[in-house]
Amino acid sequence: MQYDNGGELLVAHLESLGIDTVFGIVSVHNLPLVEAVDRHLRFVPVRHEATAVNAADGYGRARGSIGCALTSTGTGAGNAAGSLIEALSAGTAVLHVTGQVESQYLGSGRGFIHETKDQLGMLSAVSTYAATVTSARDAGRVLREASAAALATPGGPVSVEWPIDLQYAAQEDAGEAVPSDEAPSPDAAELAAAQALLAESRRPLIWAGGGARHARAELAALLEATGAGLIGSNSGRGSVPEDHPLVIGNFATNPAVRALLADADVLVTIGTHFRSNETADYNLKLPEAHIQIDADAEALGRVYPARHALHAEAAAVLPALTGAAVRADADWSARVTAVRHEVRAALHDDIGPQAALCDALAAALPRGAVVARDVTIPSSSWGNRLLPIHDPRANVFPRGGGIGQGLGMGIGAALARPDEPTVVIAGDGGLAVHFGELLTVAQERPRLTLFVFNDGGYGVLRNMQDKYGERRSGVDLFTPDFGPLAAACALPYARIAAPEEAVPVLEAALASDGPTLVEIDLTALGPMKNPFTPPVKIPTA
């Protein structure tokens with residue numbers, strides 16, 4: 001195939017991936033790409049390159065596929081790096097295409113505008129795959145290789161740097177297919193031993209991580225066959241809808257769930273990293289009878305020893321386990337359901353007046369609607385646990401823990417699924433990281449409700465300093481008056497200052513076919529029963 005320039009080639013490639021919306025910032029070093037995308041697809045001009053990647057990430061997560069971000073070279077590519085780290089941490093598919101200086105000056109170090117030292121090395125450090133387009137004949141191959149790497153297992157963000165002269169050049173694409181990696185296959189003896197162990201189990205538990213997202217039907221079948229309790233890491237939420245009576249959820253470190261783990265006679269874990277914040281800094285004890293399934297060979301036994309390590313895609317191996325499984329003891333399944341109710345009731349009580357917001361969201365949102373959650377107290381306390389998730393594509397949050405990324409992810413998700421509402425949960429501190437994206441919301445008018453939980457600063461760190469220290473440092477911030485701020489951005493505004501206001505405000509916002517900024521005045525609403533602090537170690541005397 002021949003194309004007039006690199007932009008036309010890029011559009012053809014994006015269409016082959018099913019991408020209809022691209023996020024980025026226009027530059028002298030990506031102009032042909034942006035112009036072609038804007039002609040044929042939808043180009044969303046965000047206000048910061050980090051948001052371009054976050055929005056592409058959210059777009060891909062909400063669709064269960066891949067998103068695309070366009071940035072400039074040098075500083076622009078550097079601005080994108082932090083958000084690429086998030087996608088790398090989450091293993092989510094993002095195609096990041098960045099400009100580069102003219103190929104004759106590449107690597108010369110002469111200070112060409114927008115040039116940076118070893119840009120490819122920087123991108124390689126924060127991407128699953130990174131490459132440079134070196135001629136007008138290999139751009140198509142590079143794009144296909146990059147996208148295949150992003151969509152592979154474990155996957156992640158990929159970066160392609162494209163010299164500007166080669167973007168303007170006519171393209172010749174041979175269209176050669178990218179060889180696909182052979183799917184991993186578990187050791188036959190290990191699988192047989194795992195089947196035998198599961199067949200003898202009467203008190204089973206399952207832990208679903210992000211690797212379970214692509215094996216929803218197979219996981220549900222195993223759950224039904226065993227009557228096991230399902231613990232979910234944050235990344236695995238929604239793999240089985242969280243209103244299922246056997247779904248305990250993201251409560252692994254809760255004392256009642258620890259007791260279940262202590263009494264279980266087998267644990268099957270599926271595609272989870274056992275992150276520190278979900279294992280009490282690895283102090284959580286798991287059963288010795290541990291069957292671990294992961295498509296990433298390096299993950300097997302990395303954190304917890306596995307009696308039987310199965311290197312395989314979850315969807316391929318779970319049916320073999322289901323066929324060998326027997327039903328758990330009835331009193332065990334009943335205990336699982338009782339624990340499910342216990343942990344939820346305790347958290348619901350613990351968050352005090354914020355429970356009204358959680359309840360209103362759960363009741364009003366369509367099943368499977370995206371809830372994009374920034375790193376903030378409401379997200380970390382109840383948004384990541386109590387607010388029900390019924391579809392893994394609805395579960396959008398910064399898995400690497402970086403603050404300020406939620407709004408960008410929400411913008412991407414809302415434009416990926418324009419026919420249903422998207423909700424963003426953010427704090428005033430996190431929102432301030434990318435205030436400029438309020439202008440993107442105002443310009444693009446997605447069906448997005450932005451909840452800003454306003455406590456005048458970085459509440460998580462404030463609570464930590466109040467609990468462990470004698471003074472506050474860097475946590476109390478000047479916060480704008482969100483009503484006039486919303487008006488300046490032509491955004492509808494509402495405020496919640498009491499629990500009884502949650503339902504009417506939320507229902508009105510969700511009924512809108514455009515954006516709304518809703519401020520949650522936490523001072524007026526009142527505190528949680530116990531101030532939230534993150535599960536990190538603080539040395540004390």
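**Surface, sheets and salt bridges of the predicted model**

Tyr458 counts as partly exposed, since its relative accessibility is 31%, where buried stands for under 20% relative accessible area, exposed for over 50%, and partly exposed for what lies in between, with a 1.4 Å probe and protein chains only. The structure is a predicted model, in which local features need pLDDT of at least 70 and side-chain atom pairs count only at pLDDT 80 or more, while totals for chains, interfaces and linings use all residues. Residues are numbered from 1 along each chain as its sequence is written, and side-chain values use heavy atoms, with hydrogens and water left out.

Tyr458 belongs to the loop between β18 (448-454) and α18 (459-468), helices being DSSP runs of H or I with at least four residues and strands runs of E with at least two, numbered from the N terminus. Together with Ile403, Val433, Leu461 and Leu477, Tyr458 forms a nonpolar surface patch whose accessible area amounts to about 380 Å². Such patches gather residues with over 30% relative accessible area and no salt bridge, like charges being joined within 9 Å and nonpolar side chains (Val, Leu, Ile, Met, Phe, Trp, Tyr) within 5 Å; the areas come from the Shrake-Rupley method with a 1.4 Å probe, and for residues only the protein chains shown count as cover.

An open sheet is built from six strands in the order β11-β10-β9-β12-β13-β14, with parallel pairing. Its edges are taken by β11 (247-249) and β14 (308-311), each of which has a single partner strand, so that one side of each is left without a neighbour in the sheet. On average, and with direction ignored, neighbouring strands of this sheet are turned by 20 degrees against each other. Within the sheet, β9 (residues 204-208) runs parallel to β10 (residues 229-232) and is joined to that strand by four bridges, two strands being paired if DSSP finds at least two bridges between them; Ile206 stands opposite Leu230 in β10. Helix α11 (residues 314-324) lies across β12 (266-270), β13 (290-294) and β14, and runs at about 150 degrees to β13.

Strand β20 (residues 516-521) is mostly covered, with six of its six residues buried. Thr516, Val518 and Ile520 point one way from this strand, whereas Leu517, Glu519 and Asp521 point the other way, and all are buried. β18 runs parallel to β20 and is joined to that strand by six bridges, with Val452 placed opposite Glu519. Strand β19 (residues 493-496) also pairs with β20 in the parallel sense, over four bridges, and here Tyr493 stands opposite Leu517.

Salt bridges, in which a side-chain nitrogen of Lys or Arg is within 4 Å of a carboxyl oxygen of Asp or Glu, number 21 in the model. One of them joins the side chains of Arg141 and Glu145 at 3.2 Å, N to O, and both residues lie in helix α6 (residues 139-151), four residues apart, about one turn of the helix. A further salt bridge, at 3.5 Å from N to O, is formed by the side chains of Asp391 and Arg216. Because Asp391 lies in the loop between α14 (377-383) and β16 (395-396) and Arg216 in helix α9 (residues 216-226), this pair ties together parts that are 175 residues apart in sequence. Asp391 is buried, with a relative accessible area of 8%, whereas Arg216 is partly exposed at 31%. Lys529 and Asp349 likewise form a salt bridge, their closest N and O atoms being 2.8 Å apart; this pair links distant parts of the chain, with Lys529 in the segment after α21 (522-525) and Asp349 in helix α12 (residues 330-350), 180 residues apart. Lys529 is exposed at 52% relative accessible area, while Asp349 is partly exposed at 43%.

Most residues other than glycine have a negative phi, and most peptide bonds are trans. Thr153 and Pro154 are joined by a cis peptide bond, with omega about 5 degrees, and Pro154 is found in the loop between α6 and β7 (157-163). Asp118, in the loop between β5 (93-100) and α5 (119-125), has a positive phi near 50 degrees and is exposed at 53% relative accessibility. Phe274 also has a positive phi, near 50 degrees, and lies in the loop between β12 and β13, where Phe274 is buried with a relative accessible area of 1%.

Notes: Axes fitted to C-alpha atoms, helices over the stretch in contact; angles between N-to-C directions. Contact = heavy atoms within 4.5 Å.
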